[in-house]
Amino acid sequence: MTTVDLNVSPMGRVEGDLDVRVTIDDGVVSKAWTSAAMFRGFEIILRGKDPQAGLIVTPRICGICGGSHLFKAAYALDVAWQTELPRNATLIRNIAQACETLQSIPRCFYALFAIDLTNKRYAGSPLYAEAVRRFTPFTGTSYGPGVALSAGPIEVYALFGGQWPHSSFMVPGGVICAPTLADVTRATAILEHWKSQWLEQRWLGCSVNRWLANRSWADILAWLDESASHRDSDCGFFLRYCLDIGLDRYGAGPGNYLATGTYFDPDLYRQPTVDGRNDALIGRGGIYAGGAHFPFDQARVREDVTHSYYQGTSAYHPFDGETVPVDPERAQADGKYSWAKSPRYDVPGLGPIPLEAGPLARRVAAAAPGAAPHQDDDPLFADILATIGSSVMVRLLARMHEAARYYRWVRGWLDQIDLHEPFHLAPTERADGRGFGATEAARGSLADWIVLERGRIANYQVITPTAWNIGPRDGDGTPGPIESALVGTPVTDPSDPVELGHVARSFDSCLVCTVHAYNGRTGRELSSFVLNETV
Amino acid sequence: MTAEPAAGAPPGHGPAADAPTGLAALLDPPGIAPPSWTATVIGCGNLLRGDDGVGPVLIRHLAAVGVPADVRLVDGGTAGLDTAFAMRGARRVLIVDAARTGAAPGTIHRVPADQLVAADPPSAGTPPVGTPSLATLPQPHAVRWDQALVFARWLLGADFPTDIVVYLIEAGCLDPGADLTPAVRRSMERVQTMILNDLATSVDLTAGDHDA
């Protein structure tokens, strides 16, 4: 048996580089370690600051999820200050959050994921030449329009938020904006244009309604057979290519999922509270673990630092969380290997376990029984998981599927804005309190916990989707979700382990990586891995 | 607590001088004019990392003192790709970013962008690359304005602004949560004056050597 250690770095870049190290046995990954290479200092920055500092600081954590950070930071303060939200504020926040995700969907696909589909590893596929024609960076026939049109939803965001990604227009009690009828009309025109030009014409090859009629894997296979425009759309081609080159056969991940959910019914979350949150959600939250659904309960979240560059081996709830960094070089002697903490969820009957966050987790939550009339109720991915199981392909398909659903929601929310009603109600600033705010960023669950004492921030903890997915092993030695998703991955050519890229990128944990790709660097970095000593 | 500075006036509705030709033209819905600005000022950098935030801080100062209505202010933050989209429709582009070149903190580098972006458009199968001179100007954060420029030239095609100037301010301290250091703050005020003069007088920005 041959054992080879590979260092593949960098693969992604949220909150700094992500180093991935895998051990390959007989051509298959047997162990994996993900290591966040940069300290996140913002919890320390926020301590002692004005309660609203999180609205400024947290959108700067990330160059691609700024709107999502703002959204949950505003709700954390709404809960802590017990504000009242006018309907328009909820609608605009929903629109902004969904538009950030809608831009991320094609960008993630063309600028990050699909580039690897042109790797020479697949030159033997009968579909390879077509993959190269479509997905080659800059010159691919789908790459250019896909990347360019991704900015459409951002223009909608900017009409309400002033700019993207670093806006702070969501504040406790609502949103600071005064849209005109012309703004709403323009936003609708931009969204419709994006839908027709990219989503329907290029991605689906059919109407949004036709795609959303698919409720099972068998439906999707029938959809592929239904017409040439379905088969030859980017979605149809992606599915056929994945099935041909085997992207439906690895990268499954832990099989347990977390979604905090996002988007609120404007009438059901006028007084945001922790207890009222789940029932007010449109995009449902939920835990799926050990084959059963559970409601999401923020009280069951822990952050384990056993293998993280923070003091001790504790696993605290974020309200009690600590961020006490230690010297990484010394900490490595104690088995610590990442700046990311390990978020865990205490599942009833199973204890604290790692959960995958992201679009697939949301689609699993959307398939749970018991949806209220205002809530997402979509059986498609429960059927897909039961029929063919999770994989790189399924994780990608879940992300792309959301484009059609979110387009429909945003269109509905735009139509509900009442320009004669308020967008902000002045809140009462409370000196003491606790708040929890959460959302679904494009790449998964994102939440803030804030503790206010004497008019200042006493504690502020953020758990990002990247932390859920790339977190290191916990005190029990259980690997994080990407660590476990990498295990079992076949690596055909250790000098060009493109399969590892597929798995890591299917979690979409970065965009800076995308920018590298634009410069033609990502491929080179993947291939300039360091081959460690043979064990 | 106030919201972020508004990004100048709303996009103009007047016809652009030339019909848009780049890929970005795909973005325009029928009947809606593409954006058009006399100038766009973009501040890049991470507000959470000391002097790295000098670009966004400068944008806030410009918003506070006011700029002409046909000038767009963009807090580019750490979103490099969207910086490229923000250049759309601008006749001239001014970029402010922090830099680490080894010079004394506060040193101002003033760089005409045409010296930094390769002149040839990407050919089939050849991704565009920056010129080797970029390697001498490493940025303290990952998303670099130079990559955004290269990307923008691809994205905007014939609409890529020809008049682009980059101001780089040498960073001193990049500690999380730190304020601007005094040297960088003084240089930021100098650059602010230079930009306001530029915007007021429409001089040819690419002429002369204004390095500190």
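This is a predicted model: local features need pLDDT of at least 70, side-chain atom pairs count only at pLDDT 80 or more; totals for chains, interfaces and linings use all residues.
1. Confidence. Chain A has an average pLDDT of 89, and 92% of its residues score at least 70. Two stretches call for separate mention. Over residues 511-535 of chain A the pLDDT is below 50, and the model gives this stretch 69 contacts beyond near neighbours in sequence. Residues 6-16 of chain A likewise stay under 50 in pLDDT, with 53 contacts beyond four places in sequence.

2. The four-stranded sheet. In chain A, four strands form an open sheet in the order β12-β11-β13-β14, and the pairing is antiparallel. Its edges are β12 (315-316) and β14 (351-353) of chain A, each of which pairs on one side only. Strand β13 of chain A, residues 342-347, is joined to β14(A) by three bridges, and the two run antiparallel. Within this pair, A:Y345 has A:I353 of β14(A) as its bridge partner.

3. Strands β6, β9 and β10. Strand β9 of chain A (residues 286-289) is linked by three bridges to strand β6 of chain A (residues 257-259), in antiparallel orientation. Three bridges also join β9(A) to strand β10 of chain A (residues 292-294), again antiparallel. A:I287 takes part in both pairings: A:I287 is the bridge partner of A:L258, and A:F294 in β10(A) is the bridge partner of A:I287.

4. The hairpin turn. Two residues lie between the strands in the hairpin of β9(A) and β10(A). At this turn, A:G290 adopts a positive phi near 60°.

5. The loop residue A:P379. This proline is located in the loop between α15 (359-366) and α16 (380-388) of chain A. A:P379 counts as partly exposed because its relative accessibility is 27%, between the limits of 20% and 50%. Leaving aside residues up to four places away in sequence, A:P379 touches A:R215 and A:A367. The C-alpha atoms of A:P379 and A:A365 are 9.5 Å apart, while the two residues are separated by 14 places in sequence.

6. Cysteines. How many disulfides are there over all chains? With the sulfur atoms required to lie within 2.5 Å, the count is zero. Two cysteines may be noted for their accessibility. A:C99 is buried because its relative accessibility is 0%. A:C177, with a relative accessible area of 18%, is also buried, because this value is under the 20% limit.

Methods. Residues are numbered from 1 along each chain as its sequence is written. Chains are lettered from A and ligands numbered from 1 in the order in which they are written. Side-chain values use heavy atoms; hydrogens and water are left out. Two strands pair if DSSP finds at least two bridges between them. pLDDT is the predictor's confidence in each residue, from 0 to 100. Contact means heavy atoms within 4.5 Å. Buried means under 20% relative accessible area, exposed over 50%, partly exposed in between (1.4 Å probe, protein chains only).
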